[in-house]
Amino acid sequence: MPEADERRETAEQLALTLSEHGMQRMAARVLAAAIFAEQPTLTQGELTEELAVSTGAVSGAITMLTSVGLVERVPAAGSRRDHYRLRDDAWARLFSRQNEVVEAMLRMARHGVEITSEDGYARSRLEEMRDFYAFMVGEFPALIERWQQQRATKER
């Protein structure tokens with residue numbers, strides 16, 4: 001299989017994996033195409049052609065990916081079209097957004113502990129949930145910082 005075909009197939013496998021774990025299918029395909037692209041940026045038209053889908057489908061996916069900080073619109077000298085690329089810090093941004101979900105779960109667990117009886121089954125389950133999410137919230141900043149340090153060392 002030629003390199004381009006193999007790259008395209010692997011990108012589709014990544015998109016399938018992402019969609020199996022909750023990402024919208026078209027957003028997953030656009031993200032995978034951006035990751036596997038050999039050029040620094042892609043236009044909406046190039047993504048439409050690469051994925052053989054409608055402009056509207058790509059537009060919606062780009063909107064979603066930019067809103068969560070994975071893809072960004074960038075200027076391209078001499079072009080009137082919008083160009084997009086995977087953000088340099090995409091994975092840290094995604095992980096940080098997950099932190100918002102974890103914090104929301106922690107708030108709900110704390111509230112649940114407050115409103116359930118001390119000797120009940122629900123209280124025990126909610127305390128475990130609270131303790132887990134409190135641990136995760138405490139660990140996220142250190143993980144992101146270590147990643148940024150490692151990344152900075154690698155870029156030198």
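**Exercises on a predicted model**

H1 is followed by Gly22, whose phi is positive, near 110°. The model is predicted.

**Exercise 1.** Find which residues of H1 are buried and what they pack against.

*Solution.* 
- Start with the length: H1 has 18 residues and reaches 26 Å from first C-alpha to last, close to the 26 Å expected at 1.5 Å a residue.
- Take buried as under 20% relative accessible area. Ala11, Ala15 and Ser19 are the buried residues of H1.
- Look down the axis: these buried residues fall within an arc of 75°, so they line one face of the helix.
- Check the other side of H1: Glu3 and Glu20 are exposed there.
- Find the partner: the buried residues of H1 pack against H2.

**Exercise 2.** Describe the largest pocket: its volume and its lining.

*Solution.* 
- The volume of the largest pocket is about 290 Å³.
- The elements giving two or more residues to its lining are H1 (3–20), H2 and H3 (44–51). H1 supplies the largest share, 6 residues.
- The lining counts 17 residues; Arg8, Ala33, Phe36, Ala37 and Glu50 lie nearest the centre of the pocket.
- Sort the lining by type: 9 residues are nonpolar, 1 is polar and 7 are charged.

Notes:
Residues numbered from 1 in each chain as written. Predicted model: local features only at pLDDT ≥ 70, side-chain atom pairs only at ≥ 80, totals over all residues. Heavy atoms only, no water. 1 Å grid on protein atoms, 1.4 Å probe; cavity = no way out; pocket = protein on both sides within 12 Å on 5 of 7 lines; lining within 4 Å. Points joined across faces, edges and corners; volume = space filled by probe spheres on them. Helix = DSSP H or I, 4+ residues; strand = E, 2+ residues; numbered from the N terminus. Nonpolar A, V, L, I, M, F, W, Y, C, P; charged D, E, K, R; others polar. Expected span 1.5 Å × (residues − 1). Buried < 20%, exposed > 50% of the residue type's maximum accessible area, 1.4 Å probe, protein only. Arc of directions from axis to C-beta. Contact = heavy atoms within 4.5 Å.
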